[in-house]
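User: I have not seen this one before. Can you walk me through it?

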Amino acid sequence: MDLGFSYYALVDHVDHRAERLGKIFLTNYPELWVEHFLEASLFRVDPVIAACRCTHLGFCWGDLATLIPLSAAQREILESAGKIGLSVGFTVPINLPGYRGGSCNFAAKRLADFPRSNLLAAQLLGMFAFEAARRLTRGTEKKPGNVSLTPRQLECIALAGQGKSDGVIAQLLNLSENSVTNYLTAARHAMAWLPVLSL
């Protein structure tokens, strides 16, 4: 079915410059934009990705300011994307507990070419396309059950979650402050595959 959009992007919201195993990244966006997006790690501040965390329903890029406060950097990203032909778009956010976030994006070069009457079909297609892609990569992506933390790391995390400093945690657990810092750092690295949480 031709929905009338010029471009699409089916992606996980992660750093795709790192190892790609199990990641979803399928797009026909202009190559120069994709290279710039990856090289500059724009996924960390991209307004479309930020808005995906605020809703489960598809949204038009022109409505971004109603979902999130746009920073100057985010406005610049939108302006730059518009200059290379990604002027107007529709994004279907994918937020499934226990998995990294993602989205299916549809874009047109000009507002006059934007097929507004096909947004419901795009919403449905985006959801099904992302689920199909996720099934194809199942078993290759890390899931919460695959993260293994030591008992000491868990103790330190629990106390840090209560707002206690490394020094206080060290006193409570009869450890050196340096050990507590090392336990927390190791725990962060073990869970570094959760990019949304690290932003």
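User: Fine. What kind of model is it?

Analyst: This is a predicted model, in which local features need pLDDT of at least 70 and side-chain atom pairs count only at pLDDT 80 or more, while totals for chains, interfaces and linings use all residues. Residues are numbered from 1 along each chain as its sequence is written, and side-chain values use heavy atoms, with hydrogens and water left out.

User: How many helices and strands are there?

Analyst: The protein has nine helices and five strands. Both are DSSP runs numbered from the N terminus, helices being H or I with at least four residues and strands being E with at least two.

User: And in what pattern along the sequence?

Analyst: The pattern reads β-β-α-α-β-α-α-β-β-α-α-α-α-α.

User: What percentage of the residues is buried?

Analyst: Of the 199 residues, 42% are buried. Buried means under 20% relative accessible area, exposed means over 50%, and partly exposed is in between, with a 1.4 Å probe and protein chains only.

User: What share of the contacts comes from residues 24 or more positions apart?

Analyst: Among contacts with a separation of 6 or more, 60% are between residues 24 or more positions apart. A contact means heavy atoms within 4.5 Å.

User: Now the inside. Which residues have the most contacts inside the largest nonpolar core?

Analyst: They are Tyr 29, Trp 33, Phe 37, Phe 59, Trp 61, Leu 64 and Leu 86, in a core of 24 residues. A nonpolar core is a set of buried Ala, Val, Leu, Ile, Met, Phe, Trp, Tyr and Cys residues joined through side-chain atoms within 4.5 Å.

User: Which elements give two or more residues to this core?

Analyst: Strand 1, helix 1, helix 2 (47-52) and helix 4 (72-83) do. Helix 2 provides the largest share, five residues.

User: What does Trp 61 touch?

Analyst: Leaving out residues up to four places away in sequence, its partners include Tyr 29, Val 48, Leu 86, Val 88, Phe 90, Asn 105 and Phe 106. There is also a second, separate core of 17 residues, and Val 88 is in it, along with Leu 10, Ala 108 and Ala 122 among others.

User: Switching topic. Where is His 13?

Analyst: His 13 sits in the loop between strand 1 (7-12) and strand 2 (25-27). Its relative accessibility is 6%, so His 13 counts as buried.

User: Which side chain does the side chain of His 13 make a polar contact with?

Analyst: That of Ser 103, at 2.9 Å. A polar contact is a pair of N or O atoms within 3.5 Å; within protein, one must be able to donate a hydrogen and the other to accept it, and residues adjacent in sequence count only if both atoms are side-chain atoms.

User: Which residues other than glycine have a positive phi?

Analyst: Ser 41 is one of them, with phi near 50°, and Asn 174 is another, with phi near 60°.

User: Are those two buried or exposed?

Analyst: Ser 41, in the loop between helix 1 and helix 2, is buried at 13% relative accessibility. Asn 174, in the loop between helix 7 (166-173) and helix 8, is exposed at 71%.

User: What is Ser 41 in contact with?

Analyst: Asp 15 and Arg 17, setting aside neighbours within four places in sequence. Asp 15 also has its C-alpha atom 9.6 Å from that of Glu 39, 24 residues apart along the chain.

User: Last topic. At what angle do helix 7 and helix 8 pack?

Analyst: At about 105°, with their axes 8 Å apart. Axes are lines fitted to C-alpha atoms, for helices over the stretch in contact, and angles run from 0 to 180 degrees between N-to-C directions. That makes helix 7 roughly perpendicular to helix 8. Angles under 35 degrees count as roughly parallel, over 145 as roughly antiparallel, 65 to 115 as roughly perpendicular and the rest as oblique.

User: Which residues meet there?

Analyst: Asp 166, Gly 167, Ile 169 and Ala 170 of helix 7 meet Glu 177, Val 180, Thr 181 and Leu 184 of helix 8.

User: And how do helix 6 and helix 8 pack, at what angle?

Analyst: Helix 6 (residues 151-161) packs on helix 8 (residues 177-190) at about 95°, with axes 9 Å apart. Those two helices are therefore roughly perpendicular as well.
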